[in-house]
Amino acid sequence: MSLSNTTVAETGQANAAVRKSAPRRSAYARRRGRSGLVFVTPFMIIFTLFMIVPLAYAIDQSLYSTKLIGGTSFSGFANYASVLQSGPFWGGVIRVVIFGAIQIPVMLAIATFFATIFDLGVAKGGRFFRAIYFVPFAVPIVVSSLMWGFLFDPMYGPFNRFMTALGFHNFNWLSSALMLPTIIIIAIWEWTGYNCIILYTALKSVPRDVVEAAILDDTPLWKIVLRIKLPMVRPALIMLVFINMIGAMQLFVEPTILNTYQPGVITDTWTPVIDIYSTSISNGEYQLGAAMAVVLAIIIVAISVASLAFRNRRRELG
Amino acid sequence: MNESRRLERLAERDAVIPVELYGLKRGTVTVLTACCVLFAVFTLIPLAWVIINSTKTQANIFQSFGFWFASPFEFFHTFANLFRDVDGDGTYSNWFLNTVLYAAVGGGGATVLSALGGYGFARYRFTGSQLLFGAVIAGLLVPVTLVAVPLYLVYAKVHLINSIWGMILPSMVSPIGLYLMRTYVTLSIPRELTDAARIDGAGELRIFFKIALPLMVPGLMTVLLLSVVATWNNYILPLIIFSNNNLYPATVGLGLWSQHATTSGDANLYPLLVLGGLVTIIPMIALFALLSRYWRSGLLLGSVAN
């Protein structure tokens, strides 16, 4: 009997039942609970020290202000008021929203197109192309920005010469008008392969017999793709939209590196993260920078929560 | 090719419906393959440019045709310069070794902590376990970019600015890694197996190391790969917390060079920037090629978790 008791106690529900009748909870179960704590403690210590504490400290600091005369004092939500009223900060937010609104649909369209081709096997060498497309994911963003910076350089970049050869003189990919579109091209290069592989894996899990039945009914291929395949990977697509939105909000490295090729275009407030960096590190107004970071974190957490809510609602409906 | 690999490929071929059955017009496959080639060219253009131009002098990088070689062949000269401090900013080889150190210890540590923690949350219920796991899930939502400035503020207080631990320890925090490992343990280690060992009188740690850990290897490789890549590519955290150039990882060193390249004059930084970029990429591409078996499944798991 003692044997079967032990096995039952392993399952979560049984454990919960044991917990309800506390006195009956065996010394054994308590000892096992302690082992669980031993396993998670190393992670929790590092997690607390290097994530929870810094975030809590930043929130705390964002409630103080330092003045030239009078030193540091509690100022409540004064920093938040100035962030919320800051035109340049919201200008940066709008810029990354525009960036995402163009980059994400274009990239997902390309990624879906190729994922479908690979899944159907209607192009030769799918395996080879899949490997090639994934390569940019392994390239640090600093290095991809450097490489594209060379290609787009206003003085000697090959793409600039190409435009000159086409008759566009004084064409500058990194001018203030074209900087955002250029970064969109770079971001598409960086992320299409990753999104494509995820969509490909999702498409692969569509049951084969559904497609076979459609073929037997003489359904044309484009209908199979649009009516059967793509609706079944919609959850994956929606999830990718949200992941990419969160990524777009954090745009930092590409503009920072491209700034070295064409100084002056990227301002200190060009994106929210650049704004946070220049406010708290370059200008030393770290309390204001902390408030900006909290505001941006709230925006990003809101996007994440929306994605979870969206997914759960769909699950209930389905 | 070994047997399991061969069977895997056969199974994959079987799962694909033969193209002839779709009743496509003639030439469709050719057109679609051409599309694939076009996008492959787009993907490879920057890499080709970097490989070709890593062999050139600074003057030739500016003046010669970008997509073909030009003499003199300067590759070895530039490569030797990667081991020298050419303009007082620092030495690339030093930055590269820093990157290796941070990625190996940070990524390795993240994997160990995630494995222990994921197993703990998957297999044990204890007072507060749900609360702690909830905190980890909340940590998933916090973007790493936004933790950098708060970390800097704390480091300024506790004197961790310009300390390698200030870079390595936060790299060990991987909520996504823990989540992946917990999912992996739940899905792929049968409870009967650990229970049987327990009945035989094995201790909890012994069960973990002797039974669970060997079965967790594929999941561990995924977490290792993702956390090594994340640390290798990290830019904003080391940029903020290091003011001593000798501690820079390759990403921050290259960023500094790109700022100074136009003004460095005699130092000829452009060839170094091109070759340094190339050298920074190669280990990551090799790692992905080597572990390609693992990342496919891991990516999907990871993206679902996000």
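Mentor: Angles under 35 degrees count as roughly parallel, over 145 as roughly antiparallel, 65 to 115 as roughly perpendicular, and the rest as oblique. Please keep these cut-offs in mind for this structure, which is a predicted model.

Trainee: Which residues of α5(B) and α9(B) meet?

Mentor: On the side of α5(B) they include A110(B), T111(B), S114(B) and A115(B). On the side of α9(B) they include G177(B), L178(B), M181(B) and R182(B).

Trainee: What classes of residue make up the contact of α5(B) with α9(B)?

Mentor: Nine of the residues are nonpolar, six are polar and two are charged. R182(B) is one of the residues in this contact, and arginine counts as charged.

Trainee: What makes α10(B) oblique to α11(B)?

Mentor: Helix α10 (residues 191-199) of chain B and helix α11 (residues 204-215) of chain B pack at an angle of about 140°. Roughly antiparallel requires an angle over 145, so α10(B) is oblique to α11(B). The axes are 10 Å apart, and the crossing of α10(B) past α11(B) is right-handed.

Trainee: Which residues make the contact of α10(B) with α11(B)?

Mentor: L193(B), T194(B), A197(B) and R198(B) of α10(B) meet I207(B), I211(B) and A212(B) of α11(B). By class, five are nonpolar, one is polar and one is charged.

Trainee: Which residues touch the most other members of the largest nonpolar core?

Mentor: That core has 153 residues, and those with the most contacts to other members are L199(A), M292(A), A293(A), L296(A), M181(B) and L273(B). Helix α9 (residues 179-204) of chain A supplies the largest share, 14 residues.

Trainee: What does L199(A) touch?

Mentor: Leaving aside residues up to four places away in sequence, L199(A) touches A111(A), T112(A), A115(A), V233(A) and A236(A).

Trainee: How many residues does each chain bring to the contact between chain A and chain B?

Mentor: Chain A brings 81 residues and chain B brings 82 residues. On the side of chain A, the largest share, 20 residues, comes from helix α3 (residues 27-61). That side has 60 nonpolar, 16 polar and five charged residues.

Definitions and conventions. Residues numbered from 1 in each chain as written. Chains lettered and ligands numbered in written order. Predicted model: local features only at pLDDT ≥ 70, side-chain atom pairs only at ≥ 80, totals over all residues. Contact = placed C-beta atoms within 7 Å. Helix = DSSP H or I, 4+ residues; strand = E, 2+ residues; numbered from the N terminus. Core = buried A, V, L, I, M, F, W, Y, C linked by C-beta atoms within 7 Å. Buried ≥ 20, exposed ≤ 12 C-beta atoms within 10 Å, placed from the backbone. Axes fitted to C-alpha atoms, helices over the stretch in contact; angles between N-to-C directions. Left-handed = near helix turned anticlockwise from the far one by under 90°.
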